[in-house]
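Please open the model in your viewer and keep the selection tool at hand. This tour moves from one selection to the next and says what can be found at each stop.

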Amino acid sequence: MAHGHEDKYWPLGIPAHYGKVWFTLTILFAVSYCGPLLIAPEVAKVAGANVGWVVLMVTAFGIAFWKASLVVREFMHLPLEKHFIWYIEGVVVAFMLLFFFAVSPDVMHHEGRNWENRAAAAAVERGMKAGPALEAKLEEARGEGATHEEAPATGHDAGAKEPEGAH
Amino acid sequence: MSQPTEVTHGAHAHEHAHEHHGPQGAWETFLHYAWSTDHKMICFQYLFTGMGMALIGGFFSYVFRMQLAFPGKVVPFFGTVSPQQYLQLVTNHGTIMIFWVAMPVLIAAFGNFLIPLMVGCDDMVFPRLNRLSYQVFLLSAIILVASFFVPGGGFGGSWVAYPPLSARTDYNLSPIGCSMWISAVALEFVAFLMGGINFITTAMNSRAPGMKAFDVPIVVWMIVIASILFMCSVGPLIAGAVMLFMDQQVGTGFFDPGRGGDPILWQHLFWFFGHPEVYVVLLPALGIVAEVITTFSRKKLFGYRTVLYTTIATGVLSFFVWAHHQFISGIDPRMANVFTITTVLISIPIAELCFVYIATMFGGDIRFRTPMLWALAFIAEFLIGGVTGIWLGASGSDIYFHDTYFVLAHFHYTFYPIAIIATFAGVTYWFPKMFGRHMNERLGKIHFWGTIIPFNFIFIPLFITGSFGDHRRIYNYNHFPELATPFLQDLRIMATVALVVMLCFQFIFLYNYISSAFRGPKAEKNPWKANTLEWYAASPPPHGNFPVLPTVYRGPYEYSHPDRKQDYWPQYIPDDKEG
Amino acid sequence: MQGKPIATLRSASGTPTGRLAVWWLIASEVVIFGGLLASYIMHRIGHPDWAYQAAFTDVRIGGFNTMVLLTSSLFAVTAHHYAEKAANWLLATVAGGVLFAAIKFGIEWPTDIREGNTLTSHPFWSFYYTAAGLHACHVIAGCAIMVWVQNDARHNRELQRVELIGIYWHFVDLVWIFLFPLLYIAK
């Protein structure tokens with residue numbers, strides 16, 4: 001297997017190039033771990049809940065996409081494959097986006113033009129009411145304070161009215 | 001990569017198999033056929049399983065139509081039909097015909113037989129995966145049939161299995177059967193995913209030297225594109241099937257809105273697959289018809305690239321139309337607007353394909369042999385089905401027609417040509433190659449007319465009753481005063497009588513098929529004087545298919561070429577040779 | 001044992017048959033996981049109250065398992081680098097997969113169940129166990145196949161399969177890269 005990279009090796013015989021990719025992945029993982037736990041709450045305190053939420057999303061999911069692209073490029077060697085393979089994978093990902101964006105108006109929202117999903121709205125109500133009790137249960141179970149951010153961090157204020165990002 | 005004169009395992013008189021052709025016990029013989037990895041044998045496994053399941057599905061249609069025509073009366077060979085049994089019959093009729101007849105016969109059987117032969121290689125690229133995919137498929141068929149015999153009987157929640165009826169066993173009253181049903185469907189999906197990878201990879205990689213992309217016969221393209229459509233659409237439904245199974249057996253609430261789930265999610269998961277699925281079965285049927293009409297018109301396909309690109313466009317577009325099955329099921333009306341436009345749009349490429357086929361025949365030297373009759377019937381009947389779909393694709397008119405027999409007649413005018421008519425076209429066309437013998441032409445024609453004429457007398461009445469308001473999945477119309485009129489009941493009886501007549505004519509086919517396979521007149525290599533590579537192999541082809549793997553010199557439809565004395569020019573003959 | 005058909009050895013598309021097939025397999029898996037995860041995301045966004053349930057997932061265990069899988073992916077691609085010594089690197093990858101499953105089934109899920117968060121206790125947990133469970137099945141299947149491939153590779157047979165199972169394993173890692181934030185971080 002011809003590699004365009006120099007043949008340096010880490011201990012244990014791991015090729016240096018792959019080792020570096022692994023190291024980058026580890027750093028990214030650390031950021032995505034610490035982001036929601038440490039960084040986002042601090043930012044929220046300074047710049048408000050919505051900015052805090054954005055930071056959380058970027059650190060959690062933005063980094064996920066970055067890690068994914070590293071794995072696809074450096075481990076699966078997709079760029080080395082013929083173009084039609086890129087298109088195959090690209091098309092199925094596109095179909096999944098199509099599925100999400102076409103179905104979410106019905107499933108993600110609980111009301112629309114001339115319809116409302118009362119059972120789901122009621123379930124959300126019940127869940128929100130039961131929330132604080134669950135937080136207490138979590139504190140008990142885990143000992144120290146539970147998660148730092150307010151539990152419904154994904155926009156309690158944004159939830160009921162405006163559609164979330166996807167629409 | 002591969003030289004022109006590759007010698008196959010077949011040429012070495014495949015020792016593994018032939019060794020055992022001495023004194024062989026019954027068990028060894030059985031294993032030899034049942035455990036084979038030869039794509040042709042696997043074709044027969046799928047074909048005969050599919051035909052067997054068709055007998056079951058056809059029997060179910062006989063029973064429930066008898067109940068509709070003569071409500072409450074004893075149905076010969078069955079007994080009285082209870083409401084629950086009625087729903088079980090219609091549910092499993094639909095499920096069987098689509099998943100255990102149309103798909104195995106059109107894709108797995110014809111795909112297995114034709115792809116390696118038509119691209120000029122010796123087998124599928126993964127023979128053992130091929131065998132495994134049939135075994136998983138067989139298991140799925142066994143589970144489905146077994147579901148009829150468990151306490152509670154088979155699943156009766158319609159083939160679309162909307163929750164909560166399908167998710168709550170206290171509603172569908174078949175606590176074991178409903179889970180066996182969904183498990184069988186999920187296993188069938190897995191079997192076809194495995195098979196699909198085999199077909200796509202074989203067609204992409206194993207082409208004979210000289211066979212460029214546009215030299216591949218249309219039926220191979222169609223089966224490959226169908227496999228790709230299947231693979232890209234079935235995933236969400238596999239996830240949905242797991243969720244439904246858990247709702248049924250474990251007590252989760254994926255589709256229960258009171259517990260945070262959503263039944264509309266199931267509808268979307270199902271139809272995101274369900275619509276491409278109809279093109280998954282349509283495309284191979286169109287491919288078979290293309291092969292038959294070119295051979296029997298002695299004429300080139302009117303527009304090879306047109307057909308190919310149109311098919312790809314149809315395939316892509318088929319992912320954007322699915323919610324037309326859900327117009328009145330609770331989706332947002334704004335979504336209905338979008339899907340009306342896309343649905344009506346998709347009729348254009350399909351209509352164009354039909355026109356291309358007609359143009360192919362125009363001016364040709366047409367021979368009305370049995371396969372050609374079936375191919376012509378496909379085009380005529382499918383056109384009726386397609387045209388009636390327009391009313392259903394427009395959300396406004398669909399508000400009236402949804403869930404009536406109008407829908408049912410529409411999809412039988414599309415599915416029946418796909419699953420039955422095109423199958424007969426393919427079976428009669430490739431019979432000489434598969435079995436080395438000819439079917440009886442006169443019996444073939446009698447069977448043809450005895451199938452097509454009654455077929456129309458089944459479903460045209462159902463268009464009418466549907467327009468008058470007959471709802472689907474009703475076991476007795478006497479319960480609805482405005483539908484219990486003599487006029488409508490006469491139409492229902494007509495449909496039932498026509499069905500019984502049509503089913504009786506199938507015995508002629510069975511007799512013809514079986515007796516010709518053993519005692520028909522022997523067939524030569526290329527009795528229809530066709531161009532494609534499968535006719536270069538012996539009839540039937542041995543293990544390894546070709547003693548010397550062929551090289552390809554031209555496209556598959558070079559009929560009546562001006563530079564040539566004979567009216568056909570096989571792909572495997574070099575340019576300078578005559579005949 | 002009969003040899004491979006000539007069909008398997010041809011390559012009109014330019015990509016070897018095995019690798020082409022694996023990429024098609026990946027495509028079909030993308031659609032399966034994609035459908036499941038899209039369904040989850042729709043529900044999760046539409047039900048902000050699920051955040052209270054989601055708070056119970058232990059991000060430390062999830063994070064540790066993420067590192068386990070990332071490291072095992074490193075081992076898999078190293079196996080691909082070494083044609084002959086691939087076998088032991090594949091076993092190292094398997095070890096990672098087994099550790100992942102052991103932590104999940106031995107520590108994480110029993111803890112969750114003890115705290116009352118079962119498959120049926122709440123739809124968040126239904127999705128959680130289904131998605132993580134489906135992923136875990138793919139981890140286990142991948143380990144089984146890797147054991148088989150490393151045995152062949154040890155005897156210098158079918159070395160191309162080392163790369164192929166690697167691609168599959170990286171895909172399994174990819175799914176987890178998305179599952180981790182979805183189930184453990186976005187609370």
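Begin by selecting chain C, where 63% of the 187 residues count as buried, a residue being called buried if 20 or more other C-beta atoms lie within 10 Å of its own, exposed if 12 or fewer, and partly exposed in between, with the C-beta atoms placed from the backbone. What you have open is a predicted model, in which local features need pLDDT of at least 70 and side-chain atom pairs count only at pLDDT 80 or more, while totals for chains, interfaces and linings use all residues. Residues are numbered from 1 along each chain as its sequence is written, and chains are lettered from A and ligands numbered from 1 in the order in which they are written.

**Chain C as a whole**

With chain C still selected, switch to a cartoon view and look for 7 helices and 0 strands; here helices (H or I, at least four residues) and strands (E, at least two) are DSSP runs, numbered from the N terminus. Followed along the sequence, the pattern of chain C reads α-α-α-α-α-α-α, and its C-alpha atoms fill a box of roughly 55 × 30 × 25 Å along the principal axes. Two residues are in contact if their C-beta atoms, placed from the backbone, lie within 7 Å, and among the contacts in chain C between residues at least 6 apart in sequence, 79% join residues at least 24 apart.

**Leu174 of chain C**

Next, select Leu174(C), which is found in helix H7 (residues 160–185) of chain C. Why does Leu174(C) count as buried? Leu174(C) counts as buried because it has 24 C-beta neighbours inside 10 Å. Leaving aside residues up to four places away in sequence, Leu174(C) touches Ala68(A) and Val71(A).

**Helix H4 of chain A**

Move to helix H4 (118–142) of chain A, in which Ala120(A), Ala123(A), Val124(A), Gly127(A) and Gly131(A) are buried. The buried residues of H4(A) pack against helix H3 (50–54) of chain C. Zoom in on Gly131(A), where H4(A) has a kink of about 45°, shortly before the proline Pro132(A); the bend at a residue is the angle between axes fitted to the seven residues ending there and the seven starting there.

**Confidence along chain A**

The mean for chain A is 79, and 81% of its residues reach 70 or more. Which helix of chain A has the lowest confidence, and which the highest? Confidence is lowest in helix H5 (residues 156–159) of chain A, at a mean of 36, and highest in H3(A), at 92. Over residues 145–167 of chain A, pLDDT stays under 50.

Methods
pLDDT = per-residue confidence, 0-100.
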